[in-house]
Every structure is written in C-alpha cells, then in structure tokens.
Amino acid sequence: MTSTTDTRISIAPRHRLPAASSWTLTIAVAVALLALLPLGFVLWAAVVTGWEMASQLIFRSRVGDLLANTVLLVVFTIPICAVLGVALAWLTERSDLPGARFWSWLCVTPLAVPAFVHSYAWIGMWPGFNGLPAGVAISVVAYFPFLYLPLSAAFRLLDPALEDQAASLGLAPFAVFRRVVLPQLRLALCGGALLIGLHLLAEYGLFAMIRFDTFTTAILDQFQSTYNGVAAYMLALVLVLCCFVLLGLEASLRGRSRYARLGSGVARRPKIARLGRWKYVALLLPAATAAFALGVPVLTLGRWLIAGGAGVWRVDEVGLALWQTLVICLIGGIATTAAAVPIAWLSVRRPTRASRFLEGCYYLASSMPGVVVALALVTITVRAMLPLYQSVATIVLAYVVMFLPRALVSLRASIAQVPVEIEQAAASLGRSPGNALLATTIRLAAPGAAAGVALSSLGIMNELTATQMLAPNGTRTLAMAFWALTGEIDYTGAAPYAVLMVAFSLPLTFLLHHQSKKIAGR
C-alpha cells in the first residue's frame with residue numbers, strides 16, 4: 001500500500017505541470033510577438049510604401065555607396081579578427097607563453113571599453129584618422145575579443161589524440177593544425193564572426209565619430225535631420241536584409257559536422273607547445289594588441305583628464321548622469337530577465353518544437369540593430385500610442401528586444417541545474433503551478449537571474465542609438481552625455497563619462513573570462 005500511495009503522489013504533479021506550461025507558453029508567445037514587432041513594422045512599412053517608391057529609394061547610388069562601405073568593412077574586419085583571435089588563443093592556451101593567464105585576461109578586457117569610446121580615444125591620438133582604414137582598425141581592436149573568447153574555450157576542449165594520430169601519419173605541425181585543429185574551431189569561428197558582423201551593422205557611434213558612412217549612421221542622420229520616415233524605413237529594410245544574409249552565411253558555413261568525442265574514456269588535456277627561443281618574440285603579438293586596444297584608450301582618457309583637472313569632474317552633472325544610468329540599467333536589466341523566464345523554463349522543462357521556435361524568434365529579433373528597433377518603436381508610438389512616446393515603458397521594451405538573449409542564456413543554464421522533482425514536490429503539497437515555480441525553481445535559479453540582470457544592464461549602459469531616440473525628455477545617461485560633449489568637441493568634459501562607463505563595464509569582462517574558463521573546468 002505504501003508503494004502504491006507513493007507512486008500516485010509522484011505521478012500527480014506531472015498532470016499539473018502542463019497547466020503551468022500553458023500559461024508560461026502564453027507569456028512566452030506574447031514576449032516573442034513584442035520582440036518581433038520592430039521586424040514586422042519594417043516589413044509592413046515596405047509593403048505600405050509600394051514597390052515603385054520602395055525601388056526608387058532602395059536602388060539609388062546612396063544605398064549602393066552604403067552597401068559598398070558595409071561589405072568592405074565586414075570583408076576586411078572579420079578575417080583580421082579571425083587571424084588575430086586564433087593566434088592569441090593558441091598562444092595563451094596551447095603554448096608556454098610567459099604570463100599566459102595575464103595576457104588571456106587582457107585579450108578580453110577591450111570589451112569593457114564601448115566601441116564609441118575606442119573611436120574617441122583613437123581620434124584623440126590621431127585627429128585625421130578616418131574613413132575605411134580607421135573603421136577597420138578600430139573595429140578590430142574593439143571586437144576581436146568576440147572571437148578570442150570562443151576560440152580560447154575551444155582550444156581548451158580539443159582532444160589532442162586526433163593531433164597525435166595526424167602527426168603519427170607523418171604530417172608536419174603546421175599541416176596538423178590546418179587539417180585537424182582548424183576544422184574543429186569552425187563553430188567558434190562562425191559564432192564569433194557572426195557576433196562581430198552584427199555589431200558592425202549595428203554600430204553608430206564608432207563610425208559617426210570617424211566620419212565613415214554606414215546604414216546605421218545614415219538612418220540616424222535621416223531621422224534626426226529631415227525626419228524622412230519613408231527613406232529611413234527603406235534603409236532599415238536593407239540593413240535588416242544584411243543581417244539575414246549574415247545569419248544565413250553563418251548557418252551554411254557552420255555545417256552539420258559532428259564535433260563531440262565519442263568513445264570510452266575522457267579527453268586528455270592538450271599538450272603545451274614549447275616556443276623555445278621564439279618565446280619572447282611571441283610576446284610581441286599580445287603586447288602590441290594590448291597597446292592598441294587598451295593603451296590608446298588609457299593614454300587618451302588620462303591625457304584629457306589631466307588637461308581638464310579636478311574641475312572636469314562636475315559632480316552635479318556627472319552624478320546625475322551616473323544615477324540616471326544606474327536606474328535605467330537596473331529597470332531594463334530586471335525587465336529583460338523577467339521576460340526571459342518563461343522561455344528559459346520552457347526550453348529546459350518542456351523542450352518542444354514550439355519552444356525552440358520561440359527561442360529562435362528571440363535571437364532573430366535581437367540580431368536587429370538598435371537603430372531599427374528604435375525607429376520602429378518611435379513610429380509606432382507616435383502614430384498609434386502617443387502617450388508612450390519617449391516613455392520609460394517604450395525604452396525598456398527596446399532593451400528587452402535587444403538584450404533578451406543575454407538574460408536567456410544565463411537563466412537557462414541556471415534552471416537546468418534545478419531538479420524538476422523539487423518543483424513537482426511543491427505542486428504535490430497543494431501549491432498552484434505558478435507558486436510552485438516561483439517558490440522552487442525561480443528561487444534556486446536566482447544566481448543565474450542575477451547574472452542575466454548584470455549582463456543585460458551592462459549592455460544597456462553602453463547602448464547609444466536606441467537610448468538617444470527613445471529616452472524620456474530630461475534623460476541624460478553616461479553614454480548620452482559623453483556623445484553630446486564629443487559632438488561639441490569638448491573632449492575634456494567627455495572624459496569622466498567615458499571613465500565611468502569603462503569602470504562599470506569591467507565586471508562584465510571578469511564574468512565573461514570566468515565563464516570561459518569554467519567551460520573547461522578551470
């Protein structure tokens with residue numbers, strides 16, 4: 001009798017969980033529809049404009065110039081980042097490079113410096129540096145960590161047995177690397193390259209400061225100067241198509257090859273290559289990279305701070321900007337993480353085709369540049385929901401659309417570590433599905449939620465275009481104040497805002513570096 005009763009108790013919660021799934025799925029669908037709203041608006045605007053007008057606005061020399069700039073930027077930047085990322089990851093993970101751990105952290109630290117601050121620093125050092133060469137150079141030092149991080153993790157996880165087998169067949173070391181190691185890095189290379197490509201399409205401040213025209217700078221200029229909505233919509237449509245092309249290329253290049261090890265035993269730790277007399281020569285690469293990616297911003301900011309003296313720290317203005325930034329980051333981070341809870345729970349507890357499709361919608365929506373998201377929300381609120389124009393609700397919605405994957409990844413990993421039986425036990429004791437979820441899984445997944453809030457908030461802190469277009473009147477974040485002062489050529493006044501953005505972004509680099517090491521159990 002006892003065993004029969006126990007069996008019934010253990011089965012009962014399983015009949016209750018679908019009720020929780022139904023309302024969770026409803027919320028997840030609602031969030032997905034909101035996330036896809038900017039994409040739907042761009043497509044709707046193209047249909048309403050009509051083929052004749054749309055073709056005139058799209059097939060013109062200006063769009064051709066912007067497309068050429070974009071293609072050249074991507075074609076030059078991504079391969080350079082790939083070569084640099086592979087070289088640095090191999091040196092710090094697979095060789096006896098002196099101070100490898102220190103150089104590994106320095107290779108991630110450039111992410112703490114917003115891209116437009118990188119541009120500000122380089123312009124401060126070389127005022128005449130602009131155009132495509134400047135765009136490529138600054139983009140490389142700002143974005144190469146997006147490739148270095150996954151590549152370094154991939155190097156740590158490679159099984160050296162395959163390399164030993166290739167070497168035993170008579171292949172030279174370089175041939176082993178080209179034919180055995182490099183193919184196993186394909187996923188890391190494709191994922192990092194996609195991130196860099198999407199950032200290149202979305203970035204505004206970096207390219208506006210060096211006077212290099214891209215679709216993002218053209219859309220914002222069109223919107224701010226003439227408010228020509230139709231022309232801006234068509235440029236946004238082309239920009240979205242460019243994002244889809246990058247997503248398609250990444251999917252095709254990634255392929256469907258198997259990368260997991262199958263067999264008895266575990267993979268050995270990779271061998272550390274001995275650099276010998278080339279050890280100190282090899283130091284030149286990470287040292288030069290750190291000098292350009294970190295030395296230039298540090299020198300420029302230090303020079304402007306010294307030039308401005310103590311008076312440049314206007315406590316009332318800087319303090320207000322810092323306070324508003326922290327408040328909007330906290331609100332946006334919490335809202336983004338809360339919006340990610342339903343789909344994170346479904347992807348772990350109910351992994352169905354519907355949940356995978358919804359998750360894909362979130363990633364697709366977040367791949368759209370911030371200027372497209374902001375342009376869509378501005379037009380929708382002005383035409384249909386005027387009270388929401390330049391309100392906190394609208395800008396928070398933009399942040400949710402743009403940064404949802406950051407919170408989703410952290411939450412999903414944390415929920416997966418919570419046993420489902422705890423949730424079932426709470427339901428068997430009479431709690432409603434929602435209360436059972438909140439009392440057990442959500443509470444135990446709090447560390448992942450905190451990480452999601454932190455990652456989303458730090459992304460919001462460095463966001464510029466959407467904040468400029470959607471922030472309520474009177475809002476002056478650190479990024480907005482920095483941009484306004486640089487527009488007035490007040491570089492000394494802008495320096496404190498840049499320093500604060502870097503200081504509050506440093507925890508993100510520590511978190512990313514720690515997570516990268518944790519993947520390989522180090």
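Helices here are DSSP runs of H or I with at least four residues, strands are E runs of at least two, and both are numbered from the N terminus.

A quick word on the model. It is a predicted one, where local features need pLDDT of at least 70 and side-chain atom pairs count only at pLDDT 80 or more, while totals for chains, interfaces and linings use all residues. Residues are numbered from 1 along each chain as its sequence is written, and side-chain values use heavy atoms, with hydrogens and water left out.

At least two lining residues come from each of α4 (61–94), α11 (186–202) and α14 (229–254). What is the lining made of? It has 19 nonpolar residues, one polar and one charged. In this scheme Ala, Val, Leu, Ile, Met, Phe, Trp, Tyr, Cys and Pro are nonpolar, Asp, Glu, Lys and Arg are charged, and the others, Gly among them, are polar.

Now follow α14 to another partner. Its axis and that of α3 (residues 51–58) come within 9 Å and cross at roughly 75°, so α3 is roughly perpendicular to α14, a label for angles of 65 to 115 degrees. Axes are lines fitted to C-alpha atoms over the stretch in contact, with angles running from 0 to 180 degrees between N-to-C directions. On the α3 side, M53, A54, L57 and I58 meet V230, A231, M234, L237 and V238 of α14; contact means heavy atoms within 4.5 Å. These residues are nine nonpolar, no polar and no charged.

Last stop, L301, in helix α16 (residues 284–308). Is L301 buried or exposed? L301 is buried, at 9% relative accessible area, where the cut-off is under 20% with a 1.4 Å probe, protein chains only. Beyond its neighbours within four places in sequence, L301 touches Y120, A495, A498 and V499.

Terms used:
Angles under 35 degrees count as roughly parallel, over 145 as roughly antiparallel, 65 to 115 as roughly perpendicular and the rest as oblique. Buried means under 20% relative accessible area, exposed over 50%, partly exposed in between (1.4 Å probe, protein chains only).
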